[in-house]
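Colleague: I would like to go through the terms used for this structure and see what each one rests on. Please show it first.

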Amino acid sequence: MKVALGARYSTGNHRDALIEDQLRLCCLRAEKQGWTVVHSNTHRAICGASLLRPGLQELISDAMQGNSVLAEAMDP
């Protein structure tokens with residue numbers, strides 16, 4: 001199965017390394033499942049209330065092309 005990864009953090013007190021942590025966990029999950037990662041979509045310090053975030057739009061596009069979507073929820 002082909003998967004596109006999604007990782008983000010909001011405008012709060014998050015750090016850029018959170019993106020890398022999320023992608024690392026997603027890659028580990030994909031590898032464990034035997035899935036192929038085709039794309040990684042990220043959005044940093046952009047409010048989650050907007051659906052117009054570029055990274056989210058890319059993730060939606062990946063899904064529309066038939067790829068599954070994988071994201072790791074790291075929010076408290």
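Colleague: Leaving aside its neighbours within four places in sequence, which residues is Asp62 in contact with?

Modeller: They are Ala4, His39, Asn41 and Asn67, where contact means heavy atoms within 4.5 Å. This is a predicted model, in which local features need pLDDT of at least 70 and side-chain atom pairs count only at pLDDT 80 or more, while totals for chains, interfaces and linings use all residues. Residues are numbered from 1 along each chain as its sequence is written, and side-chain values use heavy atoms, with hydrogens and water left out.

Colleague: What makes the pair Asp62 and His39 a polar contact?

Modeller: Their side chains come to 2.8 Å. A polar contact is a pair of N or O atoms within 3.5 Å; within protein, one must be able to donate a hydrogen and the other to accept it, and residues adjacent in sequence count only if both atoms are side-chain atoms.

Colleague: Why does Asp62 have no salt bridge?

Modeller: A salt bridge needs a side-chain nitrogen of Lys or Arg within 4 Å of a carboxyl oxygen of Asp or Glu. The nearest side chain of opposite charge, Lys2, is 11 Å away, so by that cut-off Asp62 has none.

Colleague: Why is Val38 called partly exposed?

Modeller: Its relative accessibility is 38%. Buried means under 20% relative accessible area, exposed over 50%, and partly exposed in between (1.4 Å probe, protein chains only), so Val38 falls in the middle class. Val38 is in strand β2, residues 36–44; helices (H or I, at least four residues) and strands (E, at least two) are DSSP runs, numbered from the N terminus.

Colleague: How do you know that strand β1 is largely enclosed?

Modeller: Of its 8 residues, 6 are buried, so the rest of the structure largely encloses β1.

Colleague: What makes β1 and β3 a pair?

Modeller: There are 4 bridges between them, and the strands run parallel. Two strands pair if DSSP finds at least two bridges between them, so β1 and β3 qualify. Gly6 stands opposite Ala71 in β3.

Colleague: Which element has the lowest mean pLDDT?

Modeller: Helix α2, at 84, while helix α1 has the highest, at 91; pLDDT is the predictor's confidence in each residue, from 0 to 100. Asp62 lies in α2, residues 54–64. The protein chain averages 82, and 78% of the residues score at least 70.

Key: Lys, Arg positive; Asp, Glu negative; His and termini not counted.
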